[in-house]
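Good morning, colleagues. Please have the sequence and the model in view.

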Amino acid sequence: MTQNTFDAPGPMSHLDAPSVIRTKRDGNALSDAAIDWVIDAYTHDRVTDGQMAALLMAIFLKGMSGHEIARWTAAMVASGERFDFSDVGRPTVDKHSTGGVGDKITIPLIPIVMACGGAVPQAAGRGLGHTGGTLDKLESISGFTAEITKPQIHQQLRDLGAAIFAAGELAPADRKIYALRDVTGTTESLPLIASSVMSKKIAEGAAALVLDTKVGSGAFLATEAESRELAATMVALGREHGVATRALLTDMEVPLGRTVGNAVEVAESLDVLAGGGPEDVVELTVALAREMCDAAGLDAVDPAQTLEDGTAMDRFRALIAAQGGDLAAPLPIGAHSETVVAPRGGTMGDIDAMAVGLAVWRLGAGRSAPGERVQFGAGMRIHRRPGEPVTAGETLFTLYSDTPERFGPALSELDGAWRVGDEAPPARPLIIDRIT
């Protein structure tokens, strides 16, 4: 649909939220001035949450042109500072996933790239909708904090090769919009996903960026075509801002690995760093590490070797300790558990990633209001993955929560989301394509 550009009369200060909302509600394109004004006004509380929620829903329903997305992204970058890490003495490179179920890849990936000689400034996020957030997962480690100062970030990048931090003053407009999207049903919007991801990643200052763009039932966008468009949009946005950007399209029809939640995913990540872990998690972690190393010009070390020789685990321990974490302390697990058992023998069929993500959200691993505390011990173990043999009566899923009244709604989300049959489901490639 062709959009008409709305140019409000007068200077930016004469714009108002209802006019901007009506413009997008009616399917017209927002002017540069309108975008700049509404992002600045919302950042500084001159536009209310209710007004921004209405505008986000209008964008969700009516979309944005490529120019609008670029301007929206630039305005969010400009809402805060942009870091410069050109003096850390190592090539800087980062990775971002568009959001998946069981997607704990960032946790083992960062120390692999550290061990290969790179520096990873990871401005990580919290859970959004049915998907988990890296910060929520890592904060399940006793003492770990992502609230670190800019001098500490620089020091860790120089000395260790990574820092994991909350976005803070980076794209503060996105921080507010991100939290609002999570609770207003506006997460699954290509313009809002692209601008959210890239505003933070451009502002964080890495010279190169690898994007893991999800495809399938657990992704934010419904079709592979939309995910391809998202990847291409984000790659173009990165390059416009001088960040060498590439993307992998990866499968998210079924959850990654055998755990979904916060602490349970950290435990599985530690298995990967110890040289074990689920095959799909290892495969995707190593593939993304190779892309990151290539983008950063690092070719002296094979990323897979860092898992085998323990150097990635060593780097992870050093990183967590530098940010106050104690890996010797036990990870939390929900005080109550519930199991789902196999009604018959056979072969495990596909497991719907979206349904699992929503079930884990129901268990308390995600939020239903901005700023709500998550349960670090809430989550799910998947005991049989697609294609594996199943015996009648054996446990297929174990659910954990501190609040047992959550089990009913979580089990309802799982109802019909998996099956046991006579044949294995068709195999799908984990890595679908590469976008450059």
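I begin with two residues that are both buried, Phe83 and Phe165. Please bear in mind throughout that this is a predicted model.

How many aromatic pairs does a search of the whole structure find? The search returns 3. One of them joins Phe83 to Phe165 in a tilted arrangement, with 6.0 Å from centre to centre and 40 degrees between the planes. This pair connects distant parts of the chain: Phe83 lies in the loop between α4 (66-78) and β3 (93-97), Phe165 belongs to strand β5 (residues 162-166), and 82 residues separate them.

Phe83 also pairs with Phe85, here edge-to-face, at 5.4 Å centre to centre and with 70 degrees between the planes. Phe85, like Phe83, is buried. Taken together, Phe83, Phe85 and Phe165 make up one aromatic cluster.

A ring contact of another kind involves Tyr42: the charged end of Lys176 sits over the Tyr42 ring, 4.2 Å from its centre.

I turn now to the sheet. An open sheet is formed by 3 strands in the order β12-β10-β14, with antiparallel pairing. Why is one side of β12 and of β14 left without a neighbour in the sheet? Both β12 (389-390) and β14 (418-421) stand at the edges, and each has a single partner strand, so one side of each has no neighbour there.

Strand β10 (residues 346-351) runs antiparallel to β14, and 3 bridges join the two. Within β14, Val420 is the bridge partner of Met348.

Thank you for your attention.

How values were computed: Residues are numbered from 1 along each chain as its sequence is written. This is a predicted model: local features need pLDDT of at least 70, side-chain atom pairs count only at pLDDT 80 or more; totals for chains, interfaces and linings use all residues. Side-chain values use heavy atoms; hydrogens and water are left out. Two strands pair if DSSP finds at least two bridges between them. Helices (H or I, at least four residues) and strands (E, at least two) are DSSP runs, numbered from the N terminus. Rings of Phe, Tyr and Trp (its six-membered ring) pair if their centres lie within 6.5 Å; planes under 30 degrees apart count as stacked, over 60 as edge-to-face and the rest as tilted. Buried means under 20% relative accessible area, exposed over 50%, partly exposed in between (1.4 Å probe, protein chains only). A charge sits over a ring if NZ of Lys or CZ of Arg is within 6 Å of the ring centre and within 35 degrees of the ring normal.
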